[in-house]
Amino acid sequence: MSDLELLQPGEADALVEHLRSFPPLEMGSEGWSQQHENLEKLNMQAILDATVSQGEPIQELLVTYGKIPTLVEELIAVELWKRKVFPVLCKLEDFKPLNTFPIYMVVHHEASIINLLETVFFHKEVCESADDTLLDLVDYCHRKLTLLVAQTGHGGPPKEEGLQNCTPMQELQKQAELMEFEISLKALSVLRYITDCVDSLSLSTLSRMLSTHNLPCLLVELLEHSPWKRQEGGKLQRFEGGRWQTLTPSEQQKLSKLEGQVWIALYNLLLSPEARARYCLTNFAKGQLLKLRVFLTDTLLDQLPNLADLKGFLAHLALVETQPPKKDLVLEQIPEIWQRLEHENKGKWQAIAKHQLQHMFSPSDQDLRLQAQRWAETYRLDVLEAVAPERPRCAYCSAEASKRCSRCQKEWYCCRECQVKHWEKHRKACVLAAQGDRAK
C-alpha cells in the first residue's frame, strides 16, 4: 500500500472478507452503519493506492473474495431504498428530526459504493468478477444516464441555492438531488470501463447494452446535452473534481474527463468486432450516430487521435443502407436484483419507513456524539488532503481556497464572505465533526 495508509496491514482483508449486502429494512442499523464506515475506508484507501500507482490491493481483495457482486447488490438495494422508502420518510408529518445525519448516511451510501466501483472497475478482472450481476450493473448505469439526459431537458441539474429556509428534511431532499447528479456521472465512468471489456462480455450483457438499451444512441444524447456543462452568470462552467468550475477561454476547448469517457465508450461499442456484429443499425440509430460528425473537430481528434477511426466509420455509415430490426429468438439472462428486492418488499415500504423512523433515525444525543467520533476517526484530515484530486477549492464559489473552517477544519473557503454564505448548508456537518473531535 501507499506510504499514507488509512488501513493497517491485514485490516483491509478483514473488511473486504466481511462485506455483505443488507436488505432495505436493515439500512441505518448498527451493523449497516459499521459496514458503511468500512466501505468509506476502503474507498479512500483504494484512491490512495491508485494515486501513488503502487499496486491495487483493494481491487485485488475484492476480486479474491468475490465481493464485486455483493457491492452491486448493495448499490441497487440502496438505490431502491432511496426511491421507495426515502420519499415516505419525507412525507411523514410526525417525523421532524432535529438531526438528519443518520438518514444522510443512507442517502450517501450509494455515492460511496459507486465511487469505489469507479476506482476499481478500471481493471478488467474486476469487470469479469462481477459475473451475472454485470447485467444488473449495466441496467443501473442505464437508469442513471437516462436521468442525466432527462435532467438536462428540464433545466439542468439541481443547484445548491435555496437551502436557507428549508426544514431539515427538505434540506436533505435537496442534498439528495445534488448527490444524484454526481452519482450519475460516476455511473457514466463505470459504464465506460465495462465497454473496455466488450469483446469478452457475455451475449446477454452485450445484447442488453446494444439492443435493449441502445446505449450508443443514449451516449449521443449525452454528448448533445452535455450535462457536465452550464452557463452561470454569463460564464461557461464545467463539473470537474466534484464541483462546478469556471473555464477560461483556453480551457473551453480542452476535452474534459467526462466527455472523454463518452467518446471512449462510443468507440468501444461501435468499432469493436463483437459489438459491430451484434448492433442493429436501424434508420433511427443511423440518424442519431451521424449527429456525432459535427463534434469530431480537428481539436478533438488532436486530443483523442483514435477517434479518427470513428470518424471514418461514420463516413462509411452515411453511405450504406440500414438494416431492418432483427427478429431472432434469443434466450437471454435478465437482471434480477432489482426485481427480486422489489418483489420481496412489495407492500412493505410504508412499514419499513416507520420501523426505521423508530429504531434507526431517531438517535439520542449520546448516539450522535459517538457516531460523530467514529466519523472523525474515519475521515482523517491528512487522508482527505491526499485523496483530493487538486488544490482545495472554495465550497461556495469553487475558487482556489486557502482558508479552512476554524471549527471543523474540514471545509475550505477563499474568503470570509463565501464562508458566511455557505454556513447554512455546512452547519450540521460542521457541528457533528466538531462534536466528534471533542469526544476523542
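1. H4 passes H17 in a right-handed crossing (right-handed if the near helix is turned clockwise from the far one by less than a right angle, left-handed if anticlockwise). The model is predicted: local features need pLDDT of at least 70, side-chain atom pairs count only at pLDDT 80 or more, and totals for chains, interfaces and linings use all residues. Residues are numbered from 1 along each chain as its sequence is written, and side-chain values use heavy atoms, without hydrogens and water.

2. The axes of H4 (residues 68-84) and H17 (residues 337-344) come within 10 Å and cross at roughly 50°.

3. On H4, the contact (heavy atoms within 4.5 Å) uses Val72, Glu73, Ile76, Ala77, Glu79, Leu80, Arg83 and Lys84. On H17, Ile337, Trp338, Arg340, Leu341 and Glu342 take part. By class, this contact has 7 nonpolar, no polar and 6 charged residues (Ala, Val, Leu, Ile, Met, Phe, Trp, Tyr, Cys and Pro count as nonpolar; Asp, Glu, Lys and Arg as charged; the others as polar).

4. The structure holds 7 aromatic pairs (ring centres within 6.5 Å; planes under 30 degrees apart are stacked, over 60 edge-to-face, the rest tilted). One of them, Phe181 with Trp244, is stacked, at 5.8 Å centre to centre and 15° between the planes. Phe181 sits in H9 (residues 168-195) and Trp244 in E3 (residues 243-246), 63 residues apart. Both Phe181 and Trp244 are buried (under 20% relative accessible area, 1.4 Å probe, protein chains only).

5. Trp244 also pairs edge-to-face with Phe239, at 5.3 Å and 75°. Phe239 is buried, as is Trp244.

6. Trp81, Phe86 and Phe361 form one aromatic cluster.

How values were computed
Axes fitted to C-alpha atoms, helices over the stretch in contact; angles between N-to-C directions. Helix = DSSP H or I, 4+ residues; strand = E, 2+ residues; numbered from the N terminus. Phe/Tyr/Trp six-rings, centres within 6.5 Å; stacked < 30°, edge-to-face > 60°. Buried < 20%, exposed > 50% of the residue type's maximum accessible area, 1.4 Å probe, protein only.
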